[in-house]
Amino acid sequence: MRDVVVIGSGISGLSTAFRLKKLDYDVVVYEKDDEIGGNIKTLSEGGYTFELGPQTVLADEEVMEFFKEVGAEPIVANHSSKNRYIYKRGRLIPLPLSPISFLFSPLLSIPAKLKVLREPWAPPPIKNEESVADFVRRRLGQEFLDYVVAPFISGVYAGDPETLSVRYATKKVYALEQEFGSLIKGALKKKSLGPKGRLISFEGGLFTLIKKLAEGLEVKKENVVLRIRRKEDRFVLDTREGKVETRALVVSSPAYTASYLLKDLSWSASLEFDKIDYVPVVVVNVGVKKGSIPEGFGVLIPRKEGKRILGVIFSSKLFPGKAPEGKELLTIYLGGATDREIIEMSEDAILELVEKELKEVLGVEGIEFSHVKKWKRAIPQYTLGYGKYLDLAKEMEEVHKGLFLTGNYLSGISVADCIRFSKETAQRVGEFLS
């Protein structure tokens, strides 16, 4: 009998398994696919090195310490990565980085800026739970929503601010209002509104971290877990290789896979987890001639501007070695909650659209290299009422002692969130086993 079985080899599963292995537990990871890493995939083609999923990690001190434990040496992004752009009426406008630059920025009109400055006196919410859009309109105004928050939500969640919950999708922003009654007051007190940390990758891309995590682990690839049952003080798993018994079980699969796995433990919980919305995302990596791309992280394109591209990351500006000499690598995102149909388009049609809009937005003339990746279920959406899923996960763990649920539908969607949550998960597994 094993101490711990971890189902799923994405960043959540591997980070949890790595921590448990360090605590000297007997751990095995089951992965249904022939590749580990979940949505973290790095490819090298034609002299380009590019990501098919997450592009970078925003690493705070805790996450940087974890990389040190793993033996993965991070590369910090170019200093110019602090420059972010918003596309508005045919030009790229730098996102203001200070109160003074905000006042003089052409991003918002004078009435919109005045609305922002009145934020400390915004009325309280009239609903128990607000959407991100309702929250921003109440505190900062419609224009701020259209040209700052909605593009940010597209960039992070590929989501729709009208349906995402401010309480669960943007927890830190929600907490500022709860604690200080004002975002501006809270930001001044905490001396920051945005997330903290350094933007990093690794030599060879993010998949380097996945390989490092898996080095000392027993990972069974192409081995589907077909069924999970409880038997007295253990779990019995039916796998492709046969039955496996374990004292503790960590399910780190996406919610729609966890739904299938949990059906014999709780049919009702299984049905609920299957309702979590995962939006489709298309990731297009292209190589272009050097010249027209400004220094910076990338550009977000508000839906108000009538484009289908959500955003473009200037990948070769961030880290060295991403593109051949004289070329640039751009990573383009499309789809999401507000453009689900794009996933059904052919790759040729998507590339034609991307080429047209890159010319309009960035002045790019011609694509010399391209790679299209379609993720049909890419990012979980923390929609209104999402708290019921978090409560259900806790309830499942309380009823079925030794079961632990993790993944970006519970921990926060970023790679850094998943790494931080893996520490808590491993601690709880360790306490149960001891």
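How exposed is Lys-388, in terms of relative accessible area? Lys-388 is partly exposed, with a relative accessible area of 46%; the labels here run from buried (under 20% relative accessible area) through partly exposed (in between) to exposed (over 50%), using a 1.4 Å probe and protein chains only. Keep in mind that this is a predicted model, where local features need pLDDT of at least 70, side-chain atom pairs count only at pLDDT 80 or more, and totals for chains, interfaces and linings use all residues. Residues are numbered from 1 along each chain as its sequence is written, and side-chain values use heavy atoms, with hydrogens and water left out.

**Salt bridges**

- The structure holds 38 salt bridges, each one a side-chain nitrogen of Lys or Arg within 4 Å of a carboxyl oxygen of Asp or Glu.
- Here's the background idea: side chains of opposite charge can pair when their charged atoms come close.
- Lys-388 has a salt bridge to Glu-272, with 4.0 Å between the closest N and O atoms.
- Lys-388 sits in helix H15 (residues 387-399) and Glu-272 in helix H12 (residues 267-273), so this pair ties together parts that are 116 residues apart in sequence.
- Those helix labels are DSSP runs (H or I, at least four residues), and strands are too (E, at least two), with numbering from the N terminus.
- Glu-272 also forms a salt bridge with Lys-275, and there the closest N and O atoms are 2.9 Å apart.
- Glu-272 is partly exposed at 22% relative accessible area, while Lys-275 counts as exposed at 53%.
- Lys-41 and Glu-35 make another salt bridge, at 3.3 Å from N to O.
- In that pair, Lys-41 is buried, with a relative accessible area of 17%, whereas Glu-35 is partly exposed at 45%.

**Strand E9 and its partners**

- Strand E9 covers residues 198-202 and is mostly covered, with 4 of its 5 residues buried.
- Strand E5 (residues 57-59) runs antiparallel to E9, and 3 bridges join them; two strands pair if DSSP finds at least two bridges between them.

**Patches on the surface**

- Patches are made of residues with over 30% relative accessible area and no salt bridge, joining like charges within 9 Å and nonpolar side chains (Val, Leu, Ile, Met, Phe, Trp, Tyr) within 5 Å.
- Ile-100, Leu-103, Phe-104, Ile-110, Leu-114 and Leu-117 form a nonpolar patch, and together they have about 650 Å² of accessible area, a value from the Shrake-Rupley method with a 1.4 Å probe, where for residues only the protein chains shown count as cover.
- Helix H3 (99-104) and helix H4 (110-117) each supply at least two residues of this patch.
- Ile-100 belongs to helix H3 and counts as exposed at 55% relative accessibility.
- Glu-347, Asp-348, Glu-352 and Glu-355 gather in a patch of negative charge.
- For charges, Lys and Arg count as positive and Asp and Glu as negative, while His and the chain ends are not counted.
- Each charge is placed at NZ of Lys, CZ of Arg, CG of Asp or CD of Glu.
- Glu-355 is found in helix H14 (residues 347-362) and is partly exposed at 35% relative accessible area.

**Positive phi angles**

- Most residues other than glycine have a negative phi, and most peptide bonds are trans.
- Arg-89 has a positive phi, near 50 degrees.
- You'll find Arg-89 in the loop between strand E7 (84-88) and strand E8 (91-94), where Arg-89 counts as exposed at 68% relative accessibility.
- Ala-158 has a positive phi too, at about 50 degrees, although it is not a glycine.
- Ala-158 lies in the loop between helix H6 (142-157) and helix H7 (166-169), and Ala-158 is buried at 6% relative accessible area.
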